[in-house]
Amino acid sequence: MRNQTEELRALQDTLYFIGGKWRIPVINAICNGHRRFREIERSIPGITTRMLSKELKEMELNNLVKRTVYADTPVLVEYEPTTYCRTFGKIIQEMIRWGRQHRKTILQQK
């Protein structure tokens, strides 16, 4: 027997995790090898510096990215996905697959 209350809570937790316009694109950029702030920023059209900074700080607090500061001149900061963040990769890939199929379906109807 399925527990509807528990399933709803799990769905709400997932939606909170991926909520907002920028979380998934930031995770995708980092998982695709963009490590430095400006690289991540350039790989996501339309995101502002302020929004990216906010997302990365929140993701770091939630154990999704690891932030490493190198004391070079100038200071170098890199971000990398945590093992925990990578567990979401299959879900992102499935979302991409579904989105592609959805677009084809909609375009075929026109």
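Reader: How is confidence read here, and where is it lowest and highest?

Author: The value is pLDDT, the predictor's confidence in each residue, from 0 to 100. In the protein chain its mean is 91, and 100% of the residues reach 70 or more; the lowest mean, 88, belongs to helix H1, whereas helix H3 (residues 37–43) has the highest, 96. Helices (H or I, at least four residues) and strands (E, at least two) are DSSP runs, numbered from the N terminus. Because this is a predicted model, local features need pLDDT of at least 70, side-chain atom pairs count only at pLDDT 80 or more, and totals for chains, interfaces and linings use all residues. Residues are numbered from 1 along each chain as its sequence is written, and side-chain values use heavy atoms, with hydrogens and water left out.

Reader: Which residues have the most contacts inside the largest nonpolar core?

Author: A nonpolar core is a set of buried Ala, Val, Leu, Ile, Met, Phe, Trp, Tyr and Cys residues joined through side-chain atoms within 4.5 Å, where buried means under 20% relative accessible area (1.4 Å probe, protein chains only). Here the largest one has 22 residues, and those with the most contacts inside it are Val-26, Ile-30, Ile-40, Ile-44, Leu-52, Leu-56 and Tyr-79. Helix H2 (23–31) gives the most to this core, with five residues.

Notes. Buried means under 20% relative accessible area, exposed over 50%, partly exposed in between (1.4 Å probe, protein chains only).
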